[in-house]
Amino acid sequence: MTETEPETIRYTADVVVLTPGGDVLLIERDWPPYEGHWACAGGHVDQGETSREAAARELAEETGVHVAAGDLRQIGVFDQPGRDPRGRYVTVAYLATVPVDTPIAAGDDARAARWWPMHNLPERLAFDHADILGAAAREALHDQFKDAADHLTPEQEPTR
């Protein structure tokens, strides 16, 4: 039996930004892999930084949108082998909701930044970001129904 080198795992953070109306903020990647594809804002977690802090930093650098790290809600960890052609990447994904009129500006590694309706996403999504966006949509939908349920009077609550 031969010893193998341990796999190098890179740690990243991504953030899904939604408006209350259901639009999602994506960047067009300006570098390989997936150059020209659309993706959530995100990137490497720097030394001494939490994934939540990295997500807030990357969001500001790539889109000009500033959200406090404490306002980001974790929606999942994505660690499927092969999710990135550069090697093994594990990302923690977060969700933020911002007002409809939030200004955006492509920066850092983004060719463009654009709002997309969640029901009409671009065909060319990078990495496993369709899975990440699906997790964000499920979380947002859960919150929407939870908020509606919180406003029910006792007479309106469903019976079991």
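I take two strands as paired if DSSP finds at least two bridges between them, and helices (H or I, at least four residues) and strands (E, at least two) are DSSP runs numbered from the N terminus. The model is predicted, so I note that local features need pLDDT of at least 70 and side-chain atom pairs pLDDT 80 or more, while totals for chains, interfaces and linings use all residues. Residues are numbered from 1 along each chain as its sequence is written, and side-chain values use heavy atoms, with hydrogens and water left out.

**Strand pairing.** I looked up the partners of S6 and found that S1 runs parallel to S6, joined by 10 bridges, with valine 17 bridged to alanine 96 in S6. Strand S5 (residues 73-78) runs antiparallel to S6 through five bridges, and there valine 77 has valine 92 as its bridge partner. Nine of the 10 residues of S6 are buried, where buried means under 20% relative accessible area, exposed over 50% and partly exposed in between (1.4 Å probe, protein chains only).

**Cores.** I then turned to the nonpolar cores, each a set of buried Ala, Val, Leu, Ile, Met, Phe, Trp, Tyr and Cys residues joined through side-chain atoms within 4.5 Å. The largest has 18 residues, and Val15, Val17, Leu59, Val67 and Leu72 have the most contacts inside it. Strand S1 (9-18), helix H1 (51-63) and strand S6 (88-97) each give two or more residues to this core, and H1 gives the most, with four. Apart from this core lies another of 16 residues, with Val16, Val24, Leu26 and Leu95 among them. For leucine 72 I listed contacts (heavy atoms within 4.5 Å); leaving out residues up to four places away in sequence, leucine 72 touches Val15, Arg52, Ala55, Ala56, Val67, Tyr94, Leu95 and Ala96.

**Helix H1.** I recorded Ser51, Ala54, Leu59 and Thr63 as being among the buried residues of H1, and the cover over its buried residues includes S1, strand S2 (23-29), strand S4 (41-44), S6 and strand S7 (110-117). Just after H1, glycine 64 takes a positive phi of about 80°.

**Aromatic rings.** I count rings of Phe, Tyr and Trp (its six-membered ring) as a pair if their centres lie within 6.5 Å, with planes under 30 degrees apart stacked, over 60 edge-to-face and the rest tilted. The structure holds two such pairs; tryptophan 38 and tryptophan 116 form an edge-to-face one, at 5.3 Å centre to centre and 70° between the planes. This pair links strand S3 (residues 38-39) with strand S7, its members being 78 residues apart, and both tryptophans are buried.
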